[in-house]
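Open the model in your viewer and keep the sequence panel beside it. The stops below each give a selection and then say what is there.

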Amino acid sequence: MIAHPYQAIVAAPGFALGISSTDEEITGIEFIEPQPELAPTNPLAAEAVWQLRAYLADPAFVFGLPLQPAGTTFQRRVWEQISAIPPGRVETYGQLAKNLKNAPRAVGQACGANPYPIVVPCHRVIASGGGLGGFNRERGGFLLDVKRWLLRHEGFPLGQPAD
């Protein structure tokens, strides 16, 4: 029997979410290709499954998961800014860079290094002019389709410029 790298898998429309956790903290969430769900192997993974399903049903759901500290000081500052963007709204890489007094590319790299997508909603960061930009270190394909789905799910009208 092959050991699974996740403590749970949640199915979503067109993708799945792999949840990694200890008994005390979520250590990662990954977008993965669609596949069958994996039942949680610990209580925290079960809570993460419940919260992710709640978000999939209601994009205004507010997460309350214990996330393992991760990233550099700068990455954590970017993730904090991103976490303040409400559902249905977006910021551009450039806007965040200006707020953080850094370069848009550095903000994009911090977004790509985010170990907790959806909970820390990097999908709410887009390119100037309304383009999607990249997502989860990818510039096309499956992950951009996930980003489009997440933005639509939250009610953001794609093709509209950011405020």
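The tour goes from the whole chain to helices, then to cores, loops and a pocket.

**Before selecting anything**

This is a predicted model, in which local features need pLDDT of at least 70 and side-chain atom pairs count only at pLDDT 80 or more, while totals for chains, interfaces and linings use all residues. Residues are numbered from 1 along each chain as its sequence is written, and side-chain values use heavy atoms, with hydrogens and water left out.

**Whole chain**

Colour by secondary structure. The chain has five helices and five strands, in the order β-β-β-α-α-β-α-α-β-α from the N terminus. Helices (H or I, at least four residues) and strands (E, at least two) are DSSP runs, numbered from the N terminus.

Now colour by accessibility. Of the 163 residues in the chain, 46% are buried. Buried means under 20% relative accessible area, exposed over 50%, and partly exposed in between, with a 1.4 Å probe and protein chains only. Among contacts with a separation of 6 or more, 59% join residues 24 or more positions apart; contact means heavy atoms within 4.5 Å.

**Helix 2**

Select residues 73-83, which form helix 2. Its buried residues are Phe-74, Gln-75, Val-78, Trp-79 and Ile-82. They cover an arc of only 135° around the axis, which puts them on the same side of helix 2. The arc is that of the directions from the helix axis to the C-beta atoms. On the other side of helix 2, Thr-73 and Glu-80 are exposed. The cover over the buried residues of helix 2 includes helix 3, helix 4 and strand 5.

**Helix 3**

Select residues 93-100 next. Which residues of helix 3 are buried? They are Tyr-93, Leu-96, Ala-97 and Leu-100. Seen down the axis, these buried residues fall within an arc of 100°, so they line one face of helix 3. An α-helix has 3.6 residues a turn, so residues three or four places apart point the same way. Among the elements covering the buried residues of helix 3 are helix 2, strand 4 (91-92), helix 4 (104-112), strand 5 (125-126) and helix 5 (142-153).

**Helix 4**

Move to residues 104-112, helix 4. Here Ala-106, Val-107, Ala-110, Cys-111 and Gly-112 are buried, and their cover includes helix 2, helix 3 and strand 5. Gly-108 also lies in helix 4, but counts as partly exposed at 27% relative accessibility.

**Nonpolar cores**

Show side chains. A nonpolar core is a set of buried Ala, Val, Leu, Ile, Met, Phe, Trp, Tyr and Cys residues joined through side-chain atoms within 4.5 Å. The largest has 41 residues, of which Val-78 and Val-107 touch the most other members. Strand 1 (8-12), strand 2 (15-21), strand 3 (26-32), helix 1 (43-57), helix 2, helix 3, helix 4 and helix 5 each supply at least two residues of this core. Helix 1 gives the most, with seven residues.

Centre on Val-107. Leaving aside neighbours within four places in sequence, Val-107 is in contact with Phe-74, Val-78, Tyr-93, Leu-96, Ala-97 and Leu-100. A second, separate core of six residues includes Val-90, Ile-126, Leu-144 and Phe-156.

**Loops on either side of helix 4**

Select Lys-101, in the loop between helix 3 and helix 4. Its phi is near 55°, a positive value in a residue other than glycine. Most residues other than glycine have a negative phi. Lys-101 counts as exposed, at 75% relative accessibility.

Then go to Ile-118, in the loop between helix 4 and strand 5. Ile-118 has a positive phi of about 80° although it is not a glycine. Is Ile-118 buried or exposed? At 2% relative accessibility, Ile-118 counts as buried.

Asn-114 is in the loop between helix 4 and strand 5 and is buried, with a relative accessible area of 5%. Asn-114 and Gln-75 are 39 residues apart in sequence and 7.9 Å apart in space, C-alpha to C-alpha.

**Second largest pocket**

Finish at Phe-61, Val-62, Phe-63, Ser-83 and Arg-124, the closest to the centre of the second largest pocket among its 14 lining residues. About 200 Å³ of space lies in this pocket. On a 1 Å grid over the protein atoms alone, a cavity is a set of points where a 1.4 Å probe fits but cannot get out, and a pocket is an open set with protein on both sides within 12 Å along at least five of seven lines; lining residues have an atom within 4 Å of a point. Grid points are joined across faces, edges and corners, and a volume is the space filled by probe spheres set on the points.

By class, the lining has twelve nonpolar, one polar and one charged residues. Ala, Val, Leu, Ile, Met, Phe, Trp, Tyr, Cys and Pro count as nonpolar, Asp, Glu, Lys and Arg as charged, and the others, Gly among them, as polar.
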